[in-house]
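Hi,

Here is the structure I promised to pass on.

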Amino acid sequence: MNPYLEENGIEVVDTDLGEWIVQLRQEPPSHIVLPAIHIKRQEVGETFHEHIGTPEGNSDPEFLAHAARHHLRQKFISAEVGITGVNFAIAETGGFVVCTNEGNADLGASLPKIHIACMGIEKIIPRIEDLSVFTRLLARSATGQPITAYTSHFHGPRPGGQMHIIIVDNARSDIRSSPEFHRSLHCIRCGACMNTCPVYRRSGGHSYSNAVPGPIGSILAPALEPEKHYSLPYACTLCGSCTDVCPVKIDIHHQLLTWRRELAGKKIIPYSKRLAMKFTSILLRNSWMYKLAGAVGRTGLRWSPRWIVYNPLNVWGKGRDLPEPPRESFRAQFAKHKTEQRRVEGNHASTSSSSSSNGKAH
Ligand code: SF4
């Protein structure tokens, strides 16, 4: 929403501390609960020095938090409109709840005269008595807290003000009507699947190029723009850790596997990749070809000049270093190890039989 509002001449200030830091740095957030988790405090100090004039080199977290609070307070006071999200909307009462740990949603909803709340259609829960289950699930799975510091309930505009609720669909109805993927709408955006995902933990949120990264983002993004995000369901080891931790029991890794089948059927995966997969499938079904490819790969990587992998045409090599290739295949190493083990066991058996027969003679 921010780029659209800015294009139309409206100043937008994110007021969640992490969101504000990434906004100042003109970066996208890298996590849905901890948007600036990829940034060191020293870098935050530099950003604040550059944008709000804090002393150079000061990266004390308490000092930086006070500086941000002081700066943002002025923005809250002068803002004409406050925009919040919605964590849960209750069908029974018509109210909604916003959970934060910083109180920024409360200031945004109370100080400006107009409060606009944006919610996806999946945020609606049936009854007020269901709410406590969800608020506890959210906080416990997101940050390990029993409950978020602020759990604010809204039932109408402040006196003399206005409240508008925007209900966003944005492909959610399509997901809801899909027998395979409708369970992904149960997501309460706690971020636990990201925290446990081995791929997210190594690659970070920016590598997903989507507002919601990680395992759940890899399910939602292809539903929205399959041509742009077709590769995300493949960036998964199918270890199932996300499914284990998900508090609302979404079968995340099964859905990622289903996405692979769907996307392969849609034929939007580039021809080069489909061809590579066909070739790999032939290779993996023929043991002699597999052995030959391994031998060629090991020898080739050992003897080729370094620039073959690390050159400007190969983006893979920009941030990575290949480990040294082994001289022998795993099978050869395993067979050697087994022969050695048998030899040692044989020696041990003959030593113990000769010592026991010596014992008999004495
Ligand atoms: S899919 Fe589950 S674990 Fe991941 S953010 Fe949603 S609720 Fe949390």
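This is a predicted model: local features need pLDDT of at least 70, side-chain atom pairs count only at pLDDT 80 or more; totals for chains, interfaces and linings use all residues.

Just after H2, Gln26 has a positive phi of about 55°.

H3 comes next. Val44, Gly45, Thr47 and Phe48 are the buried residues in H3. Down the axis of H3 they fall within an arc of 165°, so they too line one face of their helix. In general, an α-helix has 3.6 residues a turn, so residues three or four places apart point the same way. Turned away from the buried side of H3 is a face that carries the exposed residues Gln42 and Glu50. As for partners, the buried residues of H3 pack against helix H2 (17-24) and helix H4 (61-78). After H3 comes Gly53, with a positive phi near 75°.

Now the domains. The domain assignment gives domain 1 (2-186) and domain 2 (192-269), and their centres, taken over C-alpha atoms, are separated by 23 Å. Across the boundary, 17 residues of domain 1 are in contact with 18 residues of domain 2. On the side of domain 1 that touches domain 2, helix H6 (128-142) and helix H7 (172-176) each supply at least two residues. By class, that side of domain 1 has seven nonpolar, seven polar and three charged residues.

Which residues are closest to the ligand? They are Cys187, Cys190, Cys193, Ile216 and Cys246, out of 15 residues that surround the ligand. Sorted by class, the shell around the ligand holds twelve nonpolar, two polar and one charged residues.

- Pro226 is found in helix H11 (residues 226-229). It counts as partly exposed because it has 15 C-beta neighbours inside 10 Å. Neighbours within four places in sequence aside, Pro226 is in contact with Leu263, Lys266 and Ile268. From Thr135, Pro226 is 91 residues away in sequence and 32 Å away in space, C-alpha to C-alpha.
- Leu238 sits in the loop between H11 and helix H12 (241-245). Although Leu238 is not a glycine, its phi is positive, about 60°. With 12 C-beta neighbours inside 10 Å, Leu238 counts as exposed.
- Lys267 is in the loop between helix H13 (252-266) and helix H14 (271-285). Its phi is also positive, near 60°, in a residue other than glycine. Lys267 is exposed, with 9 other C-beta atoms within 10 Å.

That's the lot from me.

Cheers

Terms used:
Residues are numbered from 1 along each chain as its sequence is written. A residue is buried if 20 or more other C-beta atoms lie within 10 Å of its own, exposed if 12 or fewer, and partly exposed in between; C-beta atoms are placed from the backbone. Helices (H or I, at least four residues) and strands (E, at least two) are DSSP runs, numbered from the N terminus. The arc is that of the directions from the helix axis to the C-beta atoms. Two residues are in contact if their C-beta atoms, placed from the backbone, lie within 7 Å. A residue is near a molecule or strand if its C-beta atom, placed from the backbone, lies within 6 Å of it. Ala, Val, Leu, Ile, Met, Phe, Trp, Tyr, Cys and Pro count as nonpolar, Asp, Glu, Lys and Arg as charged, and the others, Gly among them, as polar. Domain bounds come from an automatic or database domain assignment.
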